[in-house]
Amino acid sequence: MAMKFRIPALGLAALLLTACLLSACVTQPTPLQGEGYTAVTPRDASSAELTGQPVRWGGRIVQTMPQTNNTCFEVIATALDTSARPTWNSDQDDGRFIACRTGFYDPAVFEPNREVTFTGHIDGYDTRKIGGFDYRFPRVAADVVYLWPIRERVDVLTYPPPWPWWGYW
């Protein structure tokens, strides 16, 4: 005898509402929201001419360079997750880029290895040396500079139950 399982209309509505509320937890910060960004990495952009294309790029800061009326950041690019935060994977990078924004951004706050996401458009290209290598950096005129909170590393320790026979045999 086959049993039929029915979800009442109220139960279905509660299930859908729960799914919507949970999906709202994985949104991007308001300044980083938006569509229409070019799906190209800085590594790909450095070998093409994409001046004027809108981008949302992020990664880890290499150095912060305050200038007379703006601040530029040299960044090692990484892929962004669903919340537009750079993924923390030191083995993979998507090239480097320079992002500049009007105003002063303190190098003591925007220090090396901090995660940052920028939105803006490719403003041009700079060729700079990394060691002895000439590297072509795509330069972003940033509309938004979003510094992410420092990720706290948490070590979870699990201990065996208090049985008399645990440990080495």
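Colleague: How many disulfides does a search of the whole structure find?

Modeller: As a general idea, a disulfide is a covalent bond between the sulfur atoms of two cysteines. This is a predicted model, and searching the whole structure turns up 1 disulfide. C72 and C100 form it, with their sulfur atoms 2.0 Å apart.

Colleague: What is the handedness of the link between C72 and C100?

Modeller: Look at the angle about the S-S bond: it is 105°, and the link is right-handed.

Colleague: Which parts does the pair tie together?

Modeller: C72 sits in strand 2 and C100 in strand 3, so the bond ties together parts 28 residues apart in sequence.

Colleague: Are C72 and C100 buried or exposed?

Modeller: Both cysteines, C72 and C100, are buried.

Colleague: On to the cores. Which residues of the largest nonpolar core touch the most other members?

Modeller: A nonpolar core is a set of buried residues joined through side-chain atoms within 4.5 Å. Here the largest one has 19 residues, and W57, F73, F97, F118 and V145 touch the most other members. Strand 1 (54-66), strand 2 (70-78), strand 3 (96-102), strand 4 (115-130) and strand 5 (133-147) each supply at least two of its residues. Strand 4 gives the most, with 4 residues.

Colleague: What does F97 touch?

Modeller: Leaving out residues up to four places away in sequence, F97 touches P42, W57, G58, F73, E74, V75, A77, F118, F137, P138 and V140.

Technical notes:
Residues are numbered from 1 along each chain as its sequence is written. This is a predicted model: local features need pLDDT of at least 70, side-chain atom pairs count only at pLDDT 80 or more; totals for chains, interfaces and linings use all residues. Side-chain values use heavy atoms; hydrogens and water are left out. Buried means under 20% relative accessible area, exposed over 50%, partly exposed in between (1.4 Å probe, protein chains only). Contact means heavy atoms within 4.5 Å. A disulfide is a pair of cysteine sulfur atoms within 2.5 Å.
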